[in-house]
Amino acid sequence: MTSKERREKGMLFIADDSDWIEMKRARQLTQALNTIDRSDFEGIRAIVNELFGMSDETTFLNPPFYCDYGSNIEVGKNCFINYNCTFLDNARIRLGDNCLLAPNVSIYTAGHSMYPDSRALGYEYGIEVTVGDNVWIGGNTVICPGVKVGSNVVIGAGSVVTRNIPDWSFAAGNPCRVIRKITEEDKKYYFKDRMIDDEIKEKLT
């Protein structure tokens, strides 16, 4: 099998020439993205659309941004990726619709074997990460290989997500764990005990 075939099956691989061609393209595009005039919103969108395997014009990314391939990243509608995020996309990274990623969020599909012999030879792997719809990921969060984050989830800042997170959960910590369920009661508030005002309520309904 080729390196790409092994990557796509989640098997151990060593990057070959064709992988490096893909990574070179990603580096050229992220270089352009990370040096563009930050007020050129249309230019930023154009580069992101070229870099990602799938994106939507309603999605926006604040550079700088870093990734390995770019083509393995699929982003849904109306997403926002804030400053200094890193996606190690040896395998597919999928974000659903209406996702918000705070600054310094890292999503890693890449990893190495626990036992050192294959690491010493340069082998690595990529295991897919998926994030559902309507997810807010707090700043400085790390999502590890193979994790599935459900829909309508909030991940607290500084979390290290090593296991799947079910729908409608607030989860936080290192390692990240479910703190509680998100319920209808949460619709009343926007920050701690601060209630959403009537003007905004009308727009929400």
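## A buried pair

Both Asp 19 and Arg 7 are buried, meaning under 20% relative accessible area, where exposed is over 50% and partly exposed is in between (1.4 Å probe, protein chains only). The two form a salt bridge, with their closest N and O atoms 2.9 Å apart; the term covers a side-chain nitrogen of Lys or Arg within 4 Å of a carboxyl oxygen of Asp or Glu. Asp 19 sits in helix H2 (residues 17-35) and Arg 7 in helix H1 (residues 3-8), so the bridge ties together parts 12 residues apart in sequence. Helices (H or I, at least four residues) and strands (E, at least two) are DSSP runs, numbered from the N terminus.

Asp 19 and Arg 7 also belong to a salt-bridge network with Lys 4 and Glu 22.

## About the model

This is a predicted model, where local features need pLDDT of at least 70, side-chain atom pairs count only at pLDDT 80 or more, and totals for chains, interfaces and linings use all residues. Residues are numbered from 1 along each chain as its sequence is written, and side-chain values use heavy atoms, leaving out hydrogens and water.

## Two other bridges

Searching the whole structure turns up 11 salt bridges. One of them joins Glu 42 to Arg 45 at 3.4 Å, N to O. These two are 3 residues apart in helix H3 (residues 41-51), about one helical turn. Glu 42 is exposed at 57% relative accessibility, while Arg 45 is partly exposed at 25%.

Glu 74 and Arg 92 make another, at 3.6 Å, N to O. This pair links distant parts of the chain, 18 residues apart: Glu 74 is in strand S3 (residues 73-75), and Arg 92 is in the loop between strand S5 (85-88) and strand S6 (93-95). Glu 74 is buried at 18% relative accessible area, and Arg 92 is partly exposed at 26%.
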